[in-house]
Every structure is written in C-alpha cells, then in structure tokens.
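Subject: Structure handover

Dear colleague,

I am passing on the structure we spoke about, together with notes on what turned up in it. Please look through the model before reading on.

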Amino acid sequence: MDEDFFLLPPPPPVEPRDGTPEGTPEGVRREIERCQELCRALEQEHAELQTAKEAVEQQTRELRKEGELLRKNLGQQTSSSRNEEPSCQVGIFLAKEENNRLRQEKQLLKKQLEEVGKRVAWEDPVMMLPTLPEKKMVFKGLVTNKEDMNKLMLAPLIRYPLPGGSALITFEKAKVAQRIIAAKEHVVELSYGEELEEHDRCRVRVQAAPVELLLPSALEMRLKRSSRSILVSDLPSLGISDESLLDKLELFFSKTKNGGGEVESREFLDDPAQVVLTFAQDGVAEPLIARGRIQVLLGKGKYELKISPCMNGDITNLQFQPCCCPRTVLLSGIPPVLGQESMRDTLEIHFQKASRGGGEVDALAYVPAGWWGVAVFTEDVALSQPAPLSPLAPGHGGN
C-alpha cells in the first residue's frame, strides 16, 4: 500500500511566556505537550486520509468491475449481432416478399372491385337509366302523392271463362246488381211483345250469382340485364316491311367490323320503333351498349340508332285475393230455347225492368249452351274502388 508523507516546517522557537528558560523542566514539559497535540492532529489527519483512500480504492474496484461487465455485455451483443445478422437479412427478404404479395393482392382486389362495379351497373336498373331508350311523353296534369312514387300500379286485364248456357250482365248501378244477386232465382218471360194466352206463354228460370275474380294483391319481380341482348331504338320509317328492316339490322350487327357478332334472334317489341337483337356469344352486347349510339347503314342512308341494355323480368312472388265485381252478375242455367241474339235481347229487356228489380243495363254477354266464351274484365274507372271490373264481350269457342 502506498503511503503519503509530507514535511512539517520546524516549529518556531517558543519563548517562554513566563520567562522560564527553554532548558528548564517546565519549558521541556510544555514542549512535550505541544508535540503531543501536534501528533494527535497528525494522527487524526492520517486517519481521515486513510478513510478517503479506502473509499477511493473501493470506488475504483467498483468501476473496474462495472467496466468488465460492460466489456462482457458489449462482447455478447457484438457476438449476438453477428449471429442475428443472417436472420435479419432473411427477415428483410421475407418482408419484401410479403410487401410484393400484398401489392399484387391489392391490384387483384382493385380489379375485382371494378368488375363488381361494372356488374352492379349492369344489373341495377337505376344505374342504367341514362342508357334506356328515349321516349317522348306528354304531361297531362295528373300528379300523385309522394308516398305512392315507389308503388307498382297494375291495370287488371282478366280473362274469365264463361260456360255455355250462361251470361254476364253489368248494370250501371251497383245496388241493382246486388238486388238481382240477393233474389238468387229469376223467372224470365220469353214472349215479350207478343199477345199470348197465359197457357201459351214461355218462361225460363235462371240463377243469379256474384262474379268472383282473383286479383293480384302482391307482386314481386326480379329484373336482370341480358348479357347477350341489346335494345335498338330510334328506328327510322323507311317504308319497308318489318321483316326487311329486321334483315338489314341483322346484316349490319352481324359484322365484326361494326362491333357486332352472330345474331341468334331478332324481334320487334310492342313499340314498332324498338327491336331486340340477341347475339350468339357473350361479350358482344356490352361494348355496343357502352357506345350508346351508332351510325347504321339502312338502305341508301345512314341513321343514328340508340343502343340500350335489354332487361328481362321474372315474377318471384305473386299473391292473389278474391274480389267481387260490384256491378256485374253471373246468370246461369239458361236453356237453348232461343237464338243467341234473341236470348240476349230477352235477358236485357227483362233485367232492365224496375218492376223485376232490375235497372239500366251497361253491358251483357251471352254464351249459348254447347259453347264456351271468354269475358275480358278491365278496370272500371267510373268507380273509385281499387279493383272494380266490367266485362267486355266474350269470344266463343267450339263445343
């Protein structure tokens, strides 16, 4: 262990305060006491220095130990870094591969989203409204309530089979028809206008019953856009037959240079200015629809025709409810004793008489025995009820 030494200056000569000479015993005693005090001070200072030295040595040992620990940790980290470097390179490579995969998946999803958008636009009727054929319309002042805008309005056109030996009679007033139905059976005089004795008169009994029809109460339809058909509109009036016009359209749209393909079928709609063309293969109709309008050579001139998507509708749900015609009565059990016109006139005369419970007749249809008829019922706009119907003259079938 290293020790520190320092040189003390020689003490100054001490003069005895009481004038005692230095060599006297008293002077020697005092000198000894002073040296003892100085020795005690040196010993105390030495002890303090020794304590400080030990503290410094302890701190030095701790710092050396900490340094060794740091060097050891640094060596381990360096070794670990060297060992982990290949795995880090592999991780970076895998991350790049995952990034490339995600980028490709993003592009694929984006493409699928575009296809879904096209399919929605292809199938959604609202999305394709701008591509539908134009039709001139005139507003005649009839408006509807806002809550009725999304409702589907149906115009009844019902064919009612009428067996032989029966008749349908429609009165102007519903209360007359209800009186006739309530009576159930009626005796019809066949000799009107003739003066005959009572025993020579001819009468027939007929039964009266209400006319019950099934009317649609709920209707659901599914619209689907045809992938192979197009609707061609704005057709000009060329003064040629419909078949010739269809031939010219098929000839034009069957050529690939015109953007067409093989035409599988063609037909006119109810509107004579609209034609539906169906191609034999997919992928032909959509580009034509996307063009919207196309110049078509018809005869000696070119005409701009509009190309629109063609919609097909399927009924997915149809519900019916029974309905009684308020002004119409079914007469049955009519024997074939008179000709068709004579029997019709006889029935009308009978049921017009107020004395028989009848009233003003609006329409009457009679089918003789051995025949079948079909009465067509349409909406009765004269009444405010939602589904009142009135018959038209029936057609006749064979016996």
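Two strands are taken to pair if DSSP finds at least two bridges between them. Please keep in mind that this is a predicted model.

Strand pairing

With that rule, Glu220 stands opposite Asn317 in β8. The pairing of β4 and β8 is antiparallel and extends over 21 bridges. Strand β8 covers residues 301-332, and β4 covers residues 203-233.

β8 also pairs with β2, residues 166-171, in the antiparallel sense, with five bridges joining the two. Here Leu168 has Leu330 of β8 as its bridge partner.

Strand β7, residues 293-298, is joined to β8 by six bridges, and these two run antiparallel as well. Within this pairing, Leu297 lies opposite Lys302 of β8. β7 and β8 form a hairpin with two residues between the strands, and in it Gly299 has a positive phi near 70°.

Nonpolar patch

Which residues make the nonpolar surface patch of about 590 Å²? They are Leu214, Met221, Leu223, Ile315, Leu318 and Phe320. β4 and β8 are the elements that give two or more residues to this patch. Leu223, one of the patch residues, is found in strand β4. Its relative accessible area is 43%, so Leu223 is partly exposed. A residue needs over 30% relative accessible area to be part of a patch, and the 43% of Leu223 is given above.

Ala285 is found in helix α4, which spans residues 285-291. Is Ala285 buried or exposed? Ala285 counts as buried because its relative accessibility is 0%, and the cut-off for buried is under 20%. Leaving aside neighbours within four places in sequence, Ala285 is in contact with Ser227, Arg228, Ser229, Ile230 and Phe279. The C-alpha atoms of Ala285 and Ser226 are separated by 8.8 Å, while the two residues are 59 residues apart along the chain.

Asn258 sits in the loop between α3 (242-253) and β5 (263-268). Although it is a loop residue, Asn258 counts as buried because its relative accessibility is 15%. Not counting residues up to four places away in sequence, Asn258 touches Phe252, Leu288, Arg291 and Ile294. Among these contacts, Leu288 and Arg291 fall within the range of α4, 285-291, and Ile294 falls within the range of β7, 293-298.

- Lys184 has a positive phi, near 65°. Lys184 is in the loop between α2 (174-183) and β3 (185-189). With 58% relative accessibility, Lys184 counts as exposed, the cut-off for exposed being over 50%.
- Asp234 has a positive phi, near 60°. Asp234 is placed in the loop between β4 and α3. Asp234 counts as partly exposed, at 33% relative accessibility.

Summary

In short, β8 pairs antiparallel with β2, with β4 and with β7. The nonpolar patch draws two or more residues from each of β4 and β8. Ala285 in helix α4 is buried, and Asn258 is buried in a loop. Positive phi values are found at Gly299, Lys184 and Asp234.

Regards

Notes
Residues are numbered from 1 along each chain as its sequence is written. This is a predicted model: local features need pLDDT of at least 70, side-chain atom pairs count only at pLDDT 80 or more; totals for chains, interfaces and linings use all residues. Side-chain values use heavy atoms; hydrogens and water are left out. Helices (H or I, at least four residues) and strands (E, at least two) are DSSP runs, numbered from the N terminus. Buried means under 20% relative accessible area, exposed over 50%, partly exposed in between (1.4 Å probe, protein chains only). Contact means heavy atoms within 4.5 Å. Patches are made of residues with over 30% relative accessible area and no salt bridge: like charges are joined within 9 Å, nonpolar side chains (Val, Leu, Ile, Met, Phe, Trp, Tyr) within 5 Å. Accessible areas come from the Shrake-Rupley method with a 1.4 Å probe; for residues, only the protein chains shown count as cover. A salt bridge is a side-chain nitrogen of Lys or Arg within 4 Å of a carboxyl oxygen of Asp or Glu.
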